[in-house]
Every structure is written in C-alpha cells, then in structure tokens.
Amino acid sequence: MSGLFRPHHHVRARPDLPQRVGPDVTAVVVGGGIAGVSAALVLAERGVRVELLEAAPHLGGRLGTWDTRLSDGSEVVVEHGYHGFFRQYYTLRDVLRRIDPELGFLRDVGGYPIASRPSVGWESEDFTALPRTPLLNLVALVLRSPSFKLRELRHVNADEALAMLHYDPARTYAEHDHRSAADLLDSLGFSDRGRAMLFEVFAHSFFNVEQRYSAAEFLAMCHFYFTGNPEGLGMDAPTEDYRTCLWEPFTRLLEKHGATVSTGTRAVALRPDGARGWVVDVEREPARRARHLVVATDVPATRDLVAASPELVAAAPGLARRIAALPGGEPYVVARLFCEGDVDPSRAVFTGVTRERVLDSVTLFHRLEGGSARWAAGHDTGAGPGRRSVVELHSYACPSGATLDELVAAMREELAALWPEAADLRVLDVDAHRYTNAPGFDPGFHLVRPGVLTDARGLRLAGDWVGCDVPSALMERAAVTAVTAANDVLREEGVGPEPMRSIRPRGILAGRR
Ligand SMILES: Cc1cc2nc3c(=O)[nH]c(=O)nc-3n(C[C@H](O)[C@H](O)[C@H](O)COP(=O)(O)OP(=O)(O)OC[C@H]3O[C@@H](n4cnc5c(N)ncnc54)[C@H](O)[C@@H]3O)c2cc1C
C-alpha cells in the first residue's frame, strides 16, 4: 500500500507515559452496544474499575440477539439484522482482535451486487471487484459500469463530482451541510440509472432518505467507503450469531479485566456528584457512583435520559439543548423468514436492492451463518437437505403509515418481483420488527451535533450518532467515539492513550495540511 493510502495514525501510543491508572479510578458506562462495550473494555484493560449498565437483558444493542422457538419446535438465535464488517473499520477491528486476534469469526461474504427487478431492465452490478486504490477505483468504475455511458458523463457537474475527492472534515461541512443529499445528487447530473445504482442504495444504508440527509454527511460517507478507502468495498460477516461470536467473548474478557457487566439494568437519570464525578440513578436498584461517565446510548434513549436528568440540564444547558434537538433516522424493518424451499444457488449472500418502495436488501443467512445453516440442513422435510432457507429482508428507510405486517408483505412481494423463484418459497415462520432507533443526519445539524467531549465535566458521549472528525460511520463510528471517550478518561488520569488509526482524514485532492 503506498504511503498515501496507509492507515493514518490519529492517536499514537505514548510508551513514555504510565499505561495503567492508579487505584480507585472508577467509571460507569451506560449502554452495552458496540460503543459501550468498546469504551468499557479499553478502560478496564488500563485498570479503571468499570461497570457497564445495559437496559436490555443482553449486550449488543443494534447487534443484539435473542432466542426464538419456531413452529417446528426448534430453538434458533435471531439477531437484530445482518451487518457488514468493512475492512477499513480499523478501530472496530482492533477492538474485535481482543476476542479473536486473527478475526477468524469473520468471513468474506463475496460479491455485493446491487440489483433491481428484471422489468426495470438493468442488469445487476457488483462494485466489490473494483481496484482498491482510491482514484483507480473511480476510473475503473466509470469505465466498467454499464450505469455510466461515457457520453452521459458530459452532463455530470464536475465541481460537484470533485467535491467527493476534495473531502475535508471542516470545509465540506461548511460548504455542503446546509443542503440535502438529494439536492447534491440532482445537481451532479448522473443518469437515473447511475444515481439509483450508486447512490440511492448507499443513502438508505445509513437509515436516511436523500431528502433528509445532509449533503456533507453524504460526501463524508463517499470518502469513507469509496473515494478515500484503500481496503476496497468488500465486507466480512460473522460465521455464527453475534451472541456466540461477540457478546459472550466480550463479557468474559470484560470480567477477566475486573469490569462488572450489568444487563437488565436501566439508567434513569444522570446527576453531577459535586467535584467527585457522577451519580447514575438506576431503575429499581441503588444508584451507581463513579468518577467518570461514558454515555453510549442510542439517540432516542439519550434524549430521554437527559430529559429525565434536571441536574445535568442545569449543569450543562447547552449540551442538554443539543441532545434534545438530535434528529432521529427513518424507521426501519428487519424481517427474518424461515422458509421451505430455497432461492437460486447463484444468488449472492448479500444483495442491495434499488428502486423498490420498501425492500433495500436481502441476506441469505443459511449460506452465511452456522445456526441458520444448521436449521436449513437439519430438518427432514422430505424435500432433502438444503431445501430450507433463512432469508432476511431489510427496509432501511421504510414508508410511514403502514403496519409491520403490511411492510413485511410488501417486502415479500418485492422479493418475488426481484427474484421470480422466491415466489415459490413457503414461509414457515417470520421474525419481524420495526425500529425507530437509528440516528438522523439532517441538513444543517452538523454544528450542533454533540461530540465525544462535553461541557459537563467528566461526561463523555459515544455512539454512531456522535460527532467526530475521524472518518467513520455506523459500527466504526461507535468504536471510534468509544475509544476517544476512553482516551479522554486516560488523559485525565495521566495515562497514555489507546492508539487509533483510520483511512486518510481528507480527500485525495484536498491537499495536505
Ligand atoms: C438492521 C441493521 C443493519 C445494520 N447494518 C450495518 C452494517 O452493515 N455495517 C455497519 O457498520 N453498521 C450497520 N448497522 C449500524 C450498527 O448497528 C450501529 O451503527 C451500531 O450498532 C451502533 O452501536 P452503538 O453502541 O452506538 O448503539 P446501540 O447498538 O444502539 O447501543 C446502545 C445501547 O444502549 C442501551 N440503552 C439505551 N438506553 C439505556 C439506558 N437508559 N440504560 C442502559 N442502557 C441503555 C440500548 O439497549 C443499547 O444496547 C446496522 C444497523 C441495523 C439496525
């Protein structure tokens, strides 16, 4: 990898500083998703006495898992939804290496096609095979993709297109945060097909629709996933359910480092404790006290928690106002279908879907994850092994006003229109949920989005909605903000930081500072 594309060292280790805190340094971390677990682990490794509070009965948040009994009597583990672990998620991967140094629980999911129903007339496209070197990937995309006819490129607005390569965390937000991604895409002038294949699926993947999604955020995502990403578009996914691969090993490791993991424990209010730290009021249990506090809850929960904390609001009114104004993302639906029958063997494990009203992606779990494969293979239906399937449908930004049943029915119809053989699947069981806990990235909100460090002393924020300049999104943003929060605690205690790397912080044409 050339120097230009080597990971950027945002934070370097400081071997000249102590690596462990003194005795009696305490922290409470509220929220046990990727962000909370990452922060708790980094702190516990350095000797901080940490308690991790998670409201749900299990860790994981939006990668949580639960048991379900199917109509055939079998017990299966269902997850919150398919997740792609991209290769430029350096911080997340460094956290995951603590439970598996080789990351052997991840496997390459192979191609990642974008498809539309045959009547639209567009063949499906797979961008994962593009070269990994930034700029070369862009050139190859334009030359290879049927969505780009060279003669149509004359109509593309070059200034807008170059904004992707000029990405700069300060300037891009100053110039583009006031407008929507839809406005940017309109003025880019791509063909309808180029826009649908490249951008619409992409915007939805962040649980946002173009009209309500900041153009600056969209450009930041283009930089993070494509134009500035030297690892390519390929992604990996766990070979077993997230409880087995992630949450059980993380719990064991946290406990080994002396941390307390308290699930089923809901924080209900946060109170400054004079100069000594924080008090966290907990539902039906004694309050917890600690010197340091990391709040790693999702957007709706953070809004509720702060609104129920009048002493925090009085101590940090600016922070409270910004949190009260936090936008939420679109509602989304995840439906796992346990089916008799299977789709064509040539179908990819993960397919992004464009131009459907509801359906945004399809994942074939029985070809990806152990438990689903065992369920599909282990039942004698008379149809023979391999004749069952576990198909997960996602709608990342689903229409409002419809019931969950209507949305699932619409996704099933759209699947059958996309892949005709799917009409023959006999759905035995459905595990479907509609959620409203994704963060929003509305135009004009960047300057008021809270960052990790707050004006409430000793309170840090972490999560995929928290502002930060390190290129990152989704799970990687959760890990980056968590490590940043932990580093601030370590700094205050006079201890060397946890190193952190990312892709280059600025676009390839943004010049050096
Ligand atoms: C269907 C789906 C698909 C996705 N696909 C991808 C993907 O392919 N790639 C990717 O990078 N990301 C993906 N994501 C996004 C990813 O899941 C999130 O970015 C990430 O999990 C956020 O982690 P977090 O720790 O910030 O928040 P969360 O996971 O939401 O964790 C917050 C935790 O706080 C807990 N909590 C809330 N209130 C309280 C309280 N009062 N007291 C104690 N605990 C509380 C919650 O129960 C929860 O466990 C996907 C998300 C979904 C839903």
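Two strands are taken to pair if DSSP finds at least two bridges between them. In this predicted model, strand β2 (residues 26-30) meets that criterion with β15, the two running in the parallel sense over four bridges. Within this pairing, A27 has H292 of β15 as its bridge partner. Strand β15 also pairs with strand β21 (residues 459-461), again in the parallel sense, over three bridges. Here V294 lies opposite R460 of β21.

In a regular strand, side chains alternate between the two faces of the sheet. Strand β15 (residues 292-295) has H292 and V294 pointing one way, with L293 and V295 pointing the other way. All four of these residues, H292, L293, V294 and V295, are buried.

The protein chain is assigned two domains: domain 1 is made up of the segments 18-61, 241-327 and 443-495, and domain 2 spans 113-227. Their C-alpha centres are 34 Å apart. Contact between the domains involves eight residues of domain 1 and 13 residues of domain 2. On the side of domain 1 that touches domain 2, four residues are nonpolar, three are polar and one is charged.

The ligand is surrounded by 33 residues, of which G31, G33, G61, G81 and L474 are the closest. Helices contribute to this shell: at least two residues each come from α1 (34-45), α10 (299-307) and α15 (474-492). Classified by residue type, the shell around the ligand comprises 15 nonpolar, 13 polar and five charged residues.

Key:
Residues are numbered from 1 along each chain as its sequence is written. This is a predicted model: local features need pLDDT of at least 70, side-chain atom pairs count only at pLDDT 80 or more; totals for chains, interfaces and linings use all residues. A residue is near a molecule or strand if its C-beta atom, placed from the backbone, lies within 6 Å of it. Ala, Val, Leu, Ile, Met, Phe, Trp, Tyr, Cys and Pro count as nonpolar, Asp, Glu, Lys and Arg as charged, and the others, Gly among them, as polar. Domain bounds come from an automatic or database domain assignment. Two residues are in contact if their C-beta atoms, placed from the backbone, lie within 7 Å. A residue is buried if 20 or more other C-beta atoms lie within 10 Å of its own, exposed if 12 or fewer, and partly exposed in between; C-beta atoms are placed from the backbone.
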